[in-house]
Amino acid sequence: MSDIHGVNLANFDLNLLRVLDALFIEQSVGRAAARLRLSQPATSNALARLRAALGDPLFVRGRQGMVPTARARALRGPLTLALRQLQEALVPPEDFVPETAQRTFVLAASDHAQLLVLPQLAAQLSHYPGVRLRVVPLPRDFPTTELETGEFDLVLGVFDLAPGDRAPRGLQRQVLVRERYMLVGRRDHPALLKPQRFDLSLPQFHVSPRGGTEGSFERKTKVRRNIVLFTPHYLVAPWVLASTELIAALPERVARRFAEAFPLTVVPVELPHEPLRVQQLWHPLRQQDPAHRWLREQVLAAARAAPAGS
């Protein structure tokens, strides 16, 4: 601990500063004791400890009471400011009122998470004219520093499927939804009429956000699909699937959003698989912040409102 005014804070009883502040105000040990709800001997003892620690008498008797020394007068301004700042820091944060707030939130999100959350989230936030949202793509390296500094409020996506997706421990997490896979192809695709007999050798389209050539299904089952097109983004999927004979296994809510706007068939994947866990992550420093808590609630509500099957 650094030495300030010749005092080692590691060995200094900071409670003595409250006594010093009361002595400045009251200029009397008795009145200072009453102000602090301490006994007069305890206050006198605290003054003696202050004098010993600071190497100065601090107060001397005068006609109008105890008069501060030059050293004490030099301490008063910084001490008053420090105690006020500490008191303000300890006051619980004010409630977040979105109707009157002026705030921009920043999310780093995969395109899967964006498709899942943003349509409904934008509708929810439209009721609060001063609340703005900026969404940035997920960096290749997990943005731990950006979460800690507050540059990003939340990170949204699917993590821990592959080495490049690892999210550091120590962050707060919440599962937004669990997504099962669906087979998606053009409308009336013959291979999707009986998905329980789906032939893995049929040409397929695969979204690999990290740019890899192997999905979690392959890594866990060792079953190989005939993937002829890899892309890092979901955005192009509905155009490709609606205009070719390719088939893709897509997260259900993504698939159903695409099917609302494109001539696509969506059927369950019959092969057993673990659902994808779409999560929001944030730094523990933001855990109790009312504005941040409100944002997390809005994101969760938007994700849960996304269309899914029974």
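Helices here are DSSP runs of H or I with at least four residues, strands are runs of E with at least two, and both are numbered from the N terminus. This is a predicted model, so local features need pLDDT of at least 70 and side-chain atom pairs count only at pLDDT 80 or more, while totals for chains, interfaces and linings use all residues. Residues are numbered from 1 along each chain as its sequence is written, and side-chain values use heavy atoms, with hydrogens and water left out.

Now the totals. Of the 310 residues, 43% count as buried. Buried means under 20% relative accessible area, exposed means over 50%, and partly exposed is in between, with a 1.4 Å probe and protein chains only. The accessible surface comes to about 17,300 Å². Carbon and sulfur atoms hold 53% of that. Those areas come from the Shrake-Rupley method with a 1.4 Å probe, and for residues only the protein chains shown count as cover. Next, contacts, meaning heavy atoms within 4.5 Å. Take the contacts with a separation of 6 or more: 73% of them are between residues 24 or more positions apart.

Helix α1 covers residues 15–26, so 12 residues. From first C-alpha to last, α1 reaches 17 Å, close to the 16 Å expected at 1.5 Å a residue. That expected span is 1.5 Å times one less than the number of residues. Which residues of α1 are buried? They are L16, V19, L20, D21, A22, L23, F24 and E26. Just after α1, Q27 takes a positive phi of about 55°.

R37 has phi near 60°, and R37 is not a glycine. Look for R37 in the loop between α2 (29–36) and α3 (40–54). R37 is exposed, at 79% relative accessible area. Then L58, with phi near 70°, again in a residue other than glycine. L58 sits in the loop between α3 and β3 (59–62). Is L58 buried or exposed? L58 is buried, with a relative accessible area of 0%.

On to strand β7, residues 154–158. Five of its five residues are buried. L154, L156 and V158 are on one side, V155 and G157 on the other, and both faces are covered. What pairs with β7? Strand β5 (residues 103–109) does, in the parallel sense, over three bridges. Two strands pair if DSSP finds at least two bridges between them. In that pairing, A108 has V155 of β7 as its bridge partner. Strand β14 (residues 276–282) pairs with β7 too, in the antiparallel sense, over four bridges. There, G157 stands opposite Q279 in β14.

Next, an open sheet of five strands. The order is β11-β10-β12-β9-β13, and the pairing is mixed. At the edges are β11 (227–231) and β13 (264–268), each pairing on one side only. Neighbouring strands are turned by 30° against each other on average, direction ignored. Axes are lines fitted to C-alpha atoms, for helices over the stretch in contact, and angles run from 0 to 180 degrees between N-to-C directions. Inside the sheet, β9 and β12 (residues 247–251) pair in the antiparallel sense over four bridges. V184 stands opposite A248 in β12. Helix α9, residues 252–261, packs on the sheet and touches β9, β12 and β13. Its direction makes about 115° with that of β12.

R186 is in strand β9, residues 181–186. R186 is partly exposed, at 22% relative accessible area. Setting aside residues up to four places away in sequence, R186 touches L241, A242, T244, E245, P263, L264 and T265. R186 and A259 are 73 residues apart in sequence, yet 9.6 Å apart in space, C-alpha to C-alpha.

The other arginine is R253, in helix α9. R253 is buried, with a relative accessible area of 14%. What does the R253 side chain make a polar contact with? The side chain of E179, at 3.0 Å. A polar contact is a pair of N or O atoms within 3.5 Å; within protein, one must be able to donate a hydrogen and the other to accept it, and residues adjacent in sequence count only if both atoms are side-chain atoms. Leaving aside neighbours within four places in sequence, R253 also has contacts that include L116, V177, R178 and A303.
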